[in-house]
Amino acid sequence: MNGPWDVHSDCTPDCAVHALPRVPATRIARRGTAFARTVRRALTDGQRMAEPGRLRIHARVLLDALDIQVEGAAALTAGDGTGTLVVVNHISWLDILALLAVEPVTLLAKREVGGWPVVGGLARRAGTHFIDRTHPRRLPHTVREVSELLAAGRSVAVFPQATTWCTAEAGTFRRATFQAAVDAGAPVRPVTLDYRQQGLPSTVAAFCGEDTFAGSLRRVLAARALTVRVTAHPVLWPLDAGLDRRTLAAMAARAALGGRPVTAVTGGGAARPAVSLRPAAPVPHAPPRDTPAHV
């Protein structure tokens with residue numbers, strides 16, 4: 001069925017390759033054991049897991065178990081009264097952990113994510129809102145829900161590409177969820193996620209096509225020096241600039257998928273300063289040493 005979010009990616013599991021030699025089997029085993037242990041602890045946290053502080057710690061501990069570093073933005077939201085619509089390119093199931101490790105926000109994800117092993121359970125406990133793309137008539141309802149969340153001051157992260165691609169430059173942004181920002185008068189923050197191994201661009205984290213979670217996890221466990229870089233681009237202000245969802249989506253895609261920052265203009269033609277972004281600074285990927293391991 002060809003619905004509003006029925007998107008086809010040209011990427012396949014063959015796109016996911018290591019940029020560096022794999023780590024030794026002993027390290028793979030240690031990572032696998034640590035990841036399984038931290039997943040069990042996270043899932044036993046129940047409803048408390050949705051608390052922002054706990055959610056961030058869980059995400060960081062899970063990434064730490066996989067020896068994945070998170071670098072880049074110190075914050076995602078604009079902090080301007082209403083919530084921020086955070087629009088992100090989509091590469092991997094790891095994207096969710098990376099975003100939550102930087103700043104816990106409400107996630108909007110396709111229904112299939114809820115059924116993914118490990119990540120699905122964590123996403124449900126974190127209060128993720130799931131989109132059923134097989135029922136396009138529910139699209140206006142979903143947009144209204146997101147708009148209400150934004151108006152109430154809750155920031156929402158969405159993946160407007162509607163599917164995964166192996167790099168941050170592929171695909172495009174669907175327009176529907178941008179209407180929620182227009183309706184709520186909420187700022188839009190384009191964000192780019194990209195994966196590297198010792199500074200080299202890497203597709204090893206990609207989760208595309210007919211790939212399985214088990215296959216993807218095996219690659220990630222074997223990846224050497226894997227880093228996810230989170231780049232927060234200047235905020236777009238639809239209310240001040242009188243932008244419609246089509247223009248917003250195009251501007252956000254230029255920034256997030258092309259890496260070219262875009263600043264919205266006000267109705268009078270003068271540029272409104274984007275929220276100041278601090279220089280890229282590493283985000284701690286593990287909790288302080290005095291933080292209980294079970295949190």
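I looked up aspartate 194 first. Its relative accessibility is 12%, so it counts as buried; the cut-offs are under 20% relative accessible area for buried, over 50% for exposed and partly exposed in between, with a 1.4 Å probe and protein chains only. The model is predicted, so I note the limits: local features need pLDDT of at least 70, side-chain atom pairs count only at pLDDT 80 or more, and totals for chains, interfaces and linings use all residues. Residues are numbered from 1 along each chain as its sequence is written, and side-chain values use heavy atoms, with hydrogens and water left out.

**Entry: salt bridges**

Which side chain does aspartate 194 meet in a salt bridge? I found arginine 229, at 2.9 Å, N to O. My rule for a salt bridge is a side-chain nitrogen of Lys or Arg within 4 Å of a carboxyl oxygen of Asp or Glu. Aspartate 194 sits in strand β6 (residues 188-197) and arginine 229 in strand β8 (residues 226-232), so the pair links distant parts of the chain, 35 residues apart. I took helices (H or I, at least four residues) and strands (E, at least two) as DSSP runs, numbered from the N terminus. Arginine 229 is partly exposed, with a relative accessible area of 31%.

I then checked arginine 219. Its salt-bridge partner is aspartate 211, and the closest N and O atoms are 2.4 Å apart. Arginine 219 counts as buried at 14% relative accessibility, and aspartate 211 counts as buried at 14% too. Salt bridges with shared partners also join Asp194, Arg196 and Arg229 into one network.

I counted four salt bridges by this rule. One of them joins the side chains of aspartate 67 and arginine 31 at 2.9 Å, N to O. Aspartate 67 lies in the loop between α2 and β1 (69-72), and arginine 31 lies in helix α1 (residues 25-43), so the pair ties together parts 36 residues apart in sequence. Is arginine 31 buried or exposed? Arginine 31 counts as buried, at 4% relative accessibility. Aspartate 67 is partly exposed, at 35% relative accessible area.

**Entry: strand β3**

I moved on to β3 (residues 106-110). Five of its five residues are buried, so the strand is largely enclosed by the rest of the structure. Which strands pair with it? β3 pairs with β5 (residues 156-158) in the parallel sense over three bridges. I call two strands paired if DSSP finds at least two bridges between them. Leucine 108 stands opposite valine 158 in β5. β3 also pairs with β4 (residues 129-131), again parallel over three bridges. There, alanine 109 has phenylalanine 130 of β4 as its bridge partner. The chain runs from β3 through α4 to β4 in a right-handed β-α-β crossover; right-handed means that, with the strands pointing away from the viewer, the path from the first strand over the helix to the second runs clockwise.

**Entry: cavities**

I searched the whole structure and found three cavities of 30 Å³ or more. A cavity here is a set of points on a 1 Å grid over the protein atoms alone where a 1.4 Å probe fits but cannot get out, and lining residues have an atom within 4 Å of a point. Elements giving two or more residues are α2 (52-65), α3 (94-102) and α4 (119-125). The largest share, four residues, comes from α2.

Definitions and conventions. On a 1 Å grid over the protein atoms alone, a cavity is a set of points where a 1.4 Å probe fits but cannot get out, and a pocket is an open set with protein on both sides within 12 Å along at least five of seven lines; lining residues have an atom within 4 Å of a point. Grid points are joined across faces, edges and corners, and a volume is the space filled by probe spheres set on the points.
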